Amino acid sequence: MRDTFVRTLIDLAKANKNIELITGDLGFGVLKPFWEQLPDQFTDIGIAEQNMTTVAAGMALEGKTVFTYSIGNFPTLRCLEQIRNDCAYHHANVKIVCVGGGLVYGSLGMSHHATEDLAILRALPDVVVMAPADLVEAEEATRAIAAYPGTCYLRLGRGGEKRIHEKIDAFQIGKAIKVRNGKDIAIFSTGAIFEEVDEAREILKNRGYSPAVYTFPTVKPIDRDVINDCSEKFDLIVTCEEHNIVGGFGGAVAEIMAEKGNRKASLLRVGLNDTYASVVGNQKYLRDQYGLSACKIADKIEEKING
Amino acid sequence: MNSEQLAWKIRRHGIEMTHLSGGSHIGAVLSVADIVAVLYSDVIKYNPENPKWDERDRFVFSKGHAGAAVYAALAESGFFAVEELKTHYQNGSRLSGHVSHYLPGIDFSTGSLGHGLSAAAGMAYAAKKDRKEHKVYAVLGDGECNEGSIWEAVMFANHFRLNNLICVVDHNHMASLDFNENTIEIEDFGAKWSAFGWNVIEIDGNNHDELKHAFQEAATNAEMPSHRPTVIIANTIKGYGISFMQNDILWHYRFPHDGWEYDMAVTELHEHKPTDVEDPYTPNGIENPIHPQPGDDIGNDHTFSYTWNTTYPEKMRRVEATPGTSEREHRL
């Protein structure tokens, strides 16, 4: 996903000299193709995310489309007020890119787990929040935010994500994508946790269920139409995110559902259960420890159905 | 309007705006008034008919709390009607306590300290990349330099040789509760900037000749082969121009109330009014002004360290100056 992002951005930046990439001194082995091919559009600004974000805002106000790049919480929580005051309030054309959304950097420890970012960034007016599920969504999201005039947040996995989509027709910010048809249950997934969700669906199928699956590459603005529609059609909506259960993607879906009258569906939110991951382990291991592996997701859904 | 006239207007508007609104920060408005006046009268290229003119110099006012000074300068320079200044802080106004880019002439919204230099540096960096000729001016507070993000920007601006960036620090030696040196020591302030690679010019920032000379020197610095950015450390007095406000931290938050506070402030300004300047509020000054009475709060020490009697083994109150005077603080 990371490499897809860089490849796509190189394409875009070659065609548009106003696209700039600033890194907070991260991206060894990843960003090299960019700085080699587009040296005048690249900046390593050092380990100083507050300055990075506001410099990006200043450049954006002068006509640039500026991508800021770092990992985990560094490009977001470390400089949250800079995003709020300097980027979003000014409608500055700044695209904040985080590599390692969720538990990607599992073994590195809690400091490197980006598990509240969706909720926090979603709370800021005039910030688009995107979390692509696979390489195709990552490429489409990168193109979409580059074309969007304003502040965006792009939460990426790291690499090795499965390809779900062959291609996506008419990808749009704010639109969910139906991946599998089904009945009774609809699973909504955002970000790279999709690979677990898809496997959970297989497990559930073997147990006699047939859930539909949607990916939500955009967490904000959320796709109200799909949520409202599914609320009428299905008995159960399940949200899955590699993120705290509070305020994130599941929270966004819950807000829409709570305000909808006459809905058939109840809601199950799957995410980190309002906790930091203190166990040491890789992403796969931590997902299982904290209830986000395919098997645990399938179990939770079955438990909910059997009430 | 020359810079002395504009500075007087800024002070007069500042007193009126804070008086009407009950707004804070008149001490900072008064310390920075001369810097802002010289910038708008003699230095910055701007066009009030076309506030977004691409060739204008950019101006970032990082100490946004003293925004009344900038509003006054913008109104007097033709960006909007002087009458609008009276709406400062009012419901439905464009003149928020801290500057907002929703007002024509404001390039960048501030209010949270420590952001402005990065924004100015980003603008200067973009201008340099695009080979544009305009300059970027940033005005910072000195207390603001407690923020770590300022020093991130200081390093960045030097590293990228932003010689099109000129920073002015309104070094009024006070923050919001006390003198800097009793809060978080920042001296040797000039040496710090110098150590970070900047050209440093230290002046009396309430002296227009020194300010004008400093901006010329900054322009000359920009042509030097080293391409370093320049900081003007403008040593000012908080509350400058209204004697009873000078060096008195009380006036960081207090506004001139009805009675002797407002009357004495206006009267004192009129005693030093340059020729050919009109006062839109009290054209002939105040007839029979109310004077302070014994027991009124003048000349008292309101710094927090005056009453902070810690048993911590280090001496924490390190400087003082007599409130109501323009003397520099002295070490204890």
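Me: What should I know about numbering and confidence before I start?

Reply: Residues are numbered from 1 along each chain as its sequence is written, while chains are lettered from A and ligands numbered from 1 in the order in which they are written. The model is predicted, so local features need pLDDT of at least 70 and side-chain atom pairs count only at pLDDT 80 or more, whereas totals for chains, interfaces and linings use all residues.

Me: How many helices and strands are there in chain A?

Reply: Helices (H or I, at least four residues) and strands (E, at least two) are DSSP runs, numbered from the N terminus. Chain A has 11 helices and 12 strands.

Me: What does the radius of gyration say about chain A?

Reply: The radius is taken over C-alpha atoms, and the globule rule is 2.2 Å times the number of residues to the power 0.38. For 307 residues a compact globule would come out near 19 Å, and chain A has 19 Å, which agrees. Its C-alpha atoms fill a box of roughly 60 × 40 × 35 Å along the principal axes.

Me: In which order do the strands of the open sheet lie?

Reply: Strands of a sheet pair through backbone hydrogen bonds, either parallel or antiparallel. Here two strands pair if DSSP finds at least two bridges between them. In chain A, 5 strands form an open sheet in the order S7-S9-S8-S11-S12, with mixed pairing. Its edge strands are S7 (177-180) and S12 (266-272), each pairing on one side only. Inside this sheet, S8 (residues 185-189) and S11 (residues 236-244) of chain A run parallel and are joined by 5 bridges. Ala186(A) stands opposite Ile237(A) in S11(A).

Me: Which residues of helix H9 are buried?

Reply: A residue is buried if 20 or more other C-beta atoms, placed from the backbone, lie within 10 Å of its own, exposed if 12 or fewer, and partly exposed in between. By that rule, 56% of the 307 residues of chain A are buried. In H9 (residues 249-259) of chain A, Phe249(A), Gly250(A), Gly251(A), Ala252(A) and Val253(A) are buried. Their cover includes S8, S11 and S12 of chain A.

Me: How many residues of chain B are in contact with chain A?

Reply: Two residues are in contact if their C-beta atoms, placed from the backbone, lie within 7 Å. Here 19 residues of chain B are in contact with 21 residues of chain A. On the chain B side, H4(B) gives the largest share, 10 residues.
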